[in-house]
Amino acid sequence: MPRKTDPKNLERVLDAAAELFRAEGYDAATMQQLADRLGLHKSSLYHYVDGKEDLLEQLTRSAQQTAEDDLKKAENAPENGFIEAVTLATQQMLDDAGRT
């Protein structure tokens, strides 16, 4: 189990992992490649996450939470709910594609 760490550092690890997974594919990406991208020793990554599966789970959970939050925003805009939902979904896709 990873120990508690600075959320900004964890976000940096997650951003780099998302970029690596996009570039190499999840199966081909390694923790060593991630450590190299971050300028860390591989063992240091385990202060933030349990492993590659944990990275994917955290990235997926974050994307799901953002989607749920966006849906709630759209539901609270009754006159423009559909437009709001499409706008927020499009923004999320663009954010995910450009996550660095």
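Which residue just after α2 takes a positive phi? Hi everyone, that one is G39, with a phi of about 70 degrees.

A word on the ground rules. This is a predicted model, where local features need pLDDT of at least 70 and side-chain atom pairs count only at pLDDT 80 or more, while totals for chains, interfaces and linings use all residues. Residues are numbered from 1 along each chain as its sequence is written, and side-chain values use heavy atoms, leaving out hydrogens and water. When I say helix, I mean a DSSP run of H or I with at least four residues, numbered from the N terminus.

Let's stay with α2, residues 31-38. Its buried residues (under 20% relative accessible area, 1.4 Å probe, protein chains only) are M31, L34, A35 and L38. They sit on the same side of α2, because they cover an arc of only 100 degrees around the axis, taking directions from the helix axis to the C-beta atoms. What covers them includes α1 (7-24), α3 (42-45) and α4 (52-75).

Now to α1 and α4. Their axes, which are lines fitted to C-alpha atoms over the stretch in contact, with angles from 0 to 180 degrees between N-to-C directions, come within 10 Å and cross at roughly 100 degrees. The two helices are therefore roughly perpendicular to each other, a label for angles of 65 to 115 degrees. Contact here means heavy atoms within 4.5 Å. From α1 we have L10, V13, L14, A17, A18 and F21, and from α4 K52, L55, L56, Q58 and L59.

As for L45, leaving aside residues up to four places away in sequence, L45 touches V13, M31, L34, A35, L38 and L40.

L94 is in helix α5, residues 81-98. Is L94 buried or exposed? Exposed, because its relative accessible area is 55%, and the cut-off for exposed is over 50%. Thanks, all!

Conventions. Angles under 35 degrees count as roughly parallel, over 145 as roughly antiparallel, 65 to 115 as roughly perpendicular and the rest as oblique.
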